Amino acid sequence: MRTDKEAIDQKKALQGARHALQTGLMRRKELDEDEAEGPFKLEPDGTVTPIEMLGDAPNLTLEQLQEAVGGYIEVHAVYGTDWILVLDEEGKLKGKQLNPLASEMLQYYPDVTVGTVVVCK
């Protein structure tokens with residue numbers, strides 16, 4: 001059974017994740033409505049870049065995800081949303097730069113997020 005503190009912490013994490021995602025997208029006015037649905041890359045400097053799908057494929061391939069993040073992938077759900085973040089599993093070992101927006105989106109995760117992150121549903 002959840003305690004009141006856990007419920008409050010989860011609610012704060014959800015609000016933070018939604019705010020971070022909305023803030024990140026609003027800063028990038030060049031994304032049109034369809035592109036804002038993802039998938040897109042979120043760089044450590046806050047740059048958001050849409051990822052083009054291959055042909056009529058409904059999902060990104062493993063190879064596309066690995067190329068986008070620069071290594072083996074690690075997947076995290078953004079609590080309370082239908083978004084997921086895909087990041088480089090070995091990003092910290094490779095010395096990749098802190099990704100503050102992605103870290104804020106994963107507030108429940110007890111660590112920071114580094115490198116380029118793929119955001120998708």
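Two strands pair if DSSP finds at least two bridges between them; strands (E, at least two residues) and helices (H or I, at least four residues) are DSSP runs, numbered from the N terminus. The model is predicted, so that local features need pLDDT of at least 70 and side-chain atom pairs count only at pLDDT 80 or more, while totals for chains, interfaces and linings use all residues. Residues are numbered from 1 along each chain as its sequence is written, and side-chain values use heavy atoms, with hydrogens and water left out.

**Sheet**

Five strands form an open sheet in the order β2-β1-β5-β4-β3, with antiparallel pairing. Its edge strands, β2 (48-50) and β3, each pair on one side only. Within the sheet, β4 and β5 are joined in the antiparallel sense over 3 bridges, and L85 stands opposite V119 in β5.

**Cores**

A nonpolar core is a set of buried Ala, Val, Leu, Ile, Met, Phe, Trp, Tyr and Cys residues joined through side-chain atoms within 4.5 Å. Buried means under 20% relative accessible area, exposed over 50%, and partly exposed in between (1.4 Å probe, protein chains only). The largest such core has 13 residues, and those with the most contacts inside it are L42, V78, L85, M105, V117 and V119. At least two residues each come from β1 (40-42), β4 (84-88), α3 (100-105) and β5 (117-120). The greatest contribution is that of α3, with 3 residues. A second, separate core holds 8 residues, including A68, V69, V86 and V118.

Contact means heavy atoms within 4.5 Å. Beyond its neighbours within four places in sequence, L42 is in contact with, among others, T47, N99, L101, M105, V117 and V119.

**I73 and L87**

I73 lies in strand β3 (residues 73-77) and is partly exposed, with a relative accessible area of 24%. L87, in strand β4, is buried at 7%. Not counting residues up to four places away in sequence, I73 touches L62, L65, Q66, V86, L87 and E89. With neighbours within four places likewise left aside, the contacts of L87 include V69, Y72, I73, H76, L106 and V117.

Each of the two residues also has a C-alpha to C-alpha distance to a residue elsewhere in the sequence:

| Pair | Separation in sequence | C-alpha to C-alpha distance |
|---|---|---|
| I73 and V117 | 44 residues | 9.7 Å |
| L87 and H76 | 11 residues | 8.3 Å |
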